Amino acid sequence: MSLSGANPQTAPPPAPGAVGEASNYLSHARGPLSWLFTLDHKRIGVMYLVVILASFLLGGIFAMLVRTELWTPGPTITENATTYNKWFTLHGAVMIFLVIIPGIPAALGNFVLPIMLGAKDVAFPRLNLLSFYLWVTGAVCFLLSLAMGGIDTGWTFYTPYSSKYTPTMVIPALSGAFVLGFSSIFTGLNFIVTIHKLRPPGMTWFRMPLFLWGIYATAVIQVLATPVLGITLLLLIMESTLQVGIFNPDMGGDPVLMQHFFWFYSHPAVYIMILPSMGVVSELISVHSHKHIFGYRFIAWSSIAIAMFSFIVWGHHMFTSTQSGLMNTIFSAITFSVSIPSAIKIFNWLATMYKGAISLTTPMLYALSFIFLFTIGGLTGLFLGTLSTDVHFHDTYFVVAHFHYTMMGSALIGMFGGIHHWWPKITGRLYSEFWGRIACGFVFVGFNITFFTQFVMGSQGMPRRYYNFVEQYTSYHQVSTIGSYIMLVGFVIMGIYLMQSLVNGRRAPANPWGGNSLEWHCTSPPPHDNFASPPQVGDCYDYRGWEYDREIEGYVPRTA
Amino acid sequence: MSHDQQHDGGQHPAHLQHHFDTSLQQFEAGKLGMWLFLATEVLLFGGLFCAYSIYRGNHPEIFHYGHQFLDKILGATNTVILLASSLTMALAVRCAQIDRKGRLQLFLALTFLGGFGFMVIKYVEYSHKFHEGLFPGIGFDYEELMRKEEAGRRLRADEANAHGSGGDAEGLPVAEIASAAPRERSEMADAPRGPAGLAAPVVEGGHGDGEEGGHVLPANRPENAHIFFSIYFMMTGLHGIHVLAGMAIIAWLFFRARKGHFGREYFTPVDLGGLYWHLVDLIWIYLFPLLYLIE
């Protein structure tokens, strides 16, 4: 691995551009073709990270358009209601299908999973590259749909509006989502086989870091739920092109059937979004508290439990869609119980922090934000899972606030925490901790101003997806919009210091945070082959073997 | 393919990929991967079968009417062909395992031919339907169907007159029958297209092709009868696409087998391709009775 033969953890990191710098996966081969045809999981992960962050920018632009339009009760920046409908549809579709669902598994999981596991690569590297190109193809279909005027159906594509009455061209978007689904399926398949078959000797299931349990549970959902989305989208495409009629009440079809199919995937999908993020948080809380994770097995099994429960609660999206009282009650009861494994995780994380030596690093701030925001998101889910209150909250801003607290405040915050945690490993550079914390502050404060207001607004009856609204909600909307601009500042700052770190950031030591999972045992950035020989597997949450070395601003193995 | 074939001084076999430690590990990983993929295919088709079940539960009259347009003989032939091709595929895997390279190529070729035969019969069925105007969705030609029903009714009325009064319902005028609602009517709102048809079966007048000749058009055409054909084309169409993909895989295996890639140490692609083909066969085993056989 290291050319000089020196232990990569004790040697100080070379000055930028110095000769004798160890060969790593970035310098292993050069030129665009070495990236476009790579089979290296680390390069594929990096490519995913770039395109996913670009999609986040696109989805974010639509979000800012929506929030800006809602500054006044009447038309603000567009005279056309359909245009507004397109903005919120594209915000949702881009964020969900292009950013959050692939997000952590594709960008961070691809990079970290094999190294954390002790393997040389994922089980099927070519399938991994195919997954990436399927993502790109799906994204191109979405962009095509955008170029053809966009879609105004809402990301949920309810029929018969989406199949018969909308003037917008839904077929490219549906096709894009279909292709993206296969990207997700193949990634999940790859990860399941990797975890089952490529663990080195000594890496038993219960020695794996909890991030891998999170990724594994996610992969199970990806493999089982996404095909149902696939057939739903195919049926929708058939409805749209051929007017087949199975979702069209005019032809004896059932539009609620489409909702069942759609939510059968889309509810497990939200757990695809949150489980990897929870896995990240398990790592962040433990490493940055310098304390062994509390309740490892509980956290591990809770991931599996969440994955299993996620398949049997989809009806809670349809309480007001003519489901029978009995079905409603059953779905409501099971929905309550799905909160239990999630709560188990929160308590274990808090117990992990208790009496730990907490470093308020940027990743830790994101992890702490996650705990706060997910608690709110999760608890408000209970109000939505309760039939009597859901009747009032359904299709109001209460729902919007709930899912932003869970999807953005939790899943995305966890992703950004993970990006900051593994940034030194992936890039070999350190970003500015000072600006990292500032940006996190802007994002956290801005987020709460934006979305907490929406809980209040929703409980007072403000409907979602409305282009214009009545006067009484104006001040709420304006507060919410101001919050969104504060968040924007945070993300802009983040973009700037991350870019800057790539240009002239300090070189990262192998172990800047003092973690003990296997990725911290190799150089930053890792060598091309990850491990020359199968690594020694110990307790990945036992940090006593490391001590801080001021010179390299990182941790080195404790001597004696 | 893999970039590692030249290094290591031939320490590991050519087929062993760089990130695996042993051939067995690679084989087991491949198997697990393929079974997971088959699970996704089952869920994909499962959604479609679910839609079929629900629609059939709501509108059994459409299925009762529509399945009479399907030729059971052709469907059964297709079933036998696919089953036989599954047999030849399994034999191909066995031959790969025991180094019988010539037989391996033979069985792969036979399996491919089975798939090809299936698609030929599918082509015959589809083209016959398109010829009759029975397209999926908005392409469905009700006028053509009604014209045939009218022609058949007139033909039978003439025959009945020639033989004297028949004493059965065949001579009833079209208008009267059209106003009598089909027995098992759904609660859904009236459809804007697809008027109900004649109450009695009529012989399709003078329109015989080579294969099906003057067959009997079913009675009691319900509203929205065309939806049966949409469902039929969607289910068999998606299955047909999978058959074509399977044929492409088998062709690829055949050419690799010719180059001698497979033997007792390495037959994984044949094994995994076989698993996929068996699933494609299995899906047809479900499709055939659900569409062709149940009354």
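## Where chain A meets chain B

Let us start with one pair of residues: Lys197(A) forms a salt bridge with Glu28(B), and their closest N and O atoms are 3.2 Å apart. The term salt bridge stands for a side-chain nitrogen of Lys or Arg within 4 Å of a carboxyl oxygen of Asp or Glu. Across the interface of chain A and chain B, the rule finds one salt bridge.

Before going on, please note that this is a predicted model, in which local features need pLDDT of at least 70 and side-chain atom pairs count only at pLDDT 80 or more, while totals for chains, interfaces and linings use all residues. Residues are numbered from 1 along each chain as its sequence is written, chains are lettered from A and ligands numbered from 1 in the order in which they are written, and side-chain values use heavy atoms, with hydrogens and water left out.

**The interface**

How many residues of chain A are in contact with chain B? Chain A brings 37 residues into contact with 38 residues of chain B, where contact means heavy atoms within 4.5 Å. The two chains bury about 3,300 Å² between them, and 74% of that is on carbon and sulfur atoms. Buried area here is the accessible area (1.4 Å probe) that two parts lose on being put together, summed over both. Lys197(A), Ile231(A) and Met251(A) supply 16% of the area that chain A buries against chain B, more than any other three residues.

There are also six residue pairs in polar contact between chain A and chain B, with both residues at pLDDT 80 or more. A polar contact is a pair of N or O atoms within 3.5 Å; within protein, one must be able to donate a hydrogen and the other to accept it, and residues adjacent in sequence count only if both atoms are side-chain atoms. The elements giving two or more residues to the side of chain A that touches chain B are helices H4 (125-147), H6 (171-197), H7 (210-242) and H8 (255-288) of chain A. H7(A) gives the most to this side, with eleven residues. Helices (H or I, at least four residues) and strands (E, at least two) are DSSP runs, numbered from the N terminus.

**Some buried residues**

Buried means under 20% relative accessible area, exposed over 50%, and partly exposed in between (1.4 Å probe, protein chains only).

| Residue | Relative accessible area |
|---|---|
| Cys522(A) | 2% |
| Phe262(B) | 3% |
| Ser484(A) | 4% |
| Cys95(B) | 8% |

Ser484(A) is found in helix H15 (residues 474-504) of chain A. Leaving out residues up to four places away in sequence, Ser484(A) touches Met64(A), Arg67(A) and Thr450(A).

A disulfide is a pair of cysteine sulfur atoms within 2.5 Å, and a search of the whole structure finds zero of them over all chains.

**A look at chain B**

Chain B has eight helices and two strands, and 47% of its 295 residues count as buried. Phe262(B) lies in the loop between helix H7 (226-258) and helix H8 (268-293) of chain B. Not counting residues up to four places away in sequence, Phe262(B) touches several residues, among them Asp99(B), Leu104(B), Leu253(B) and Pro269(B).
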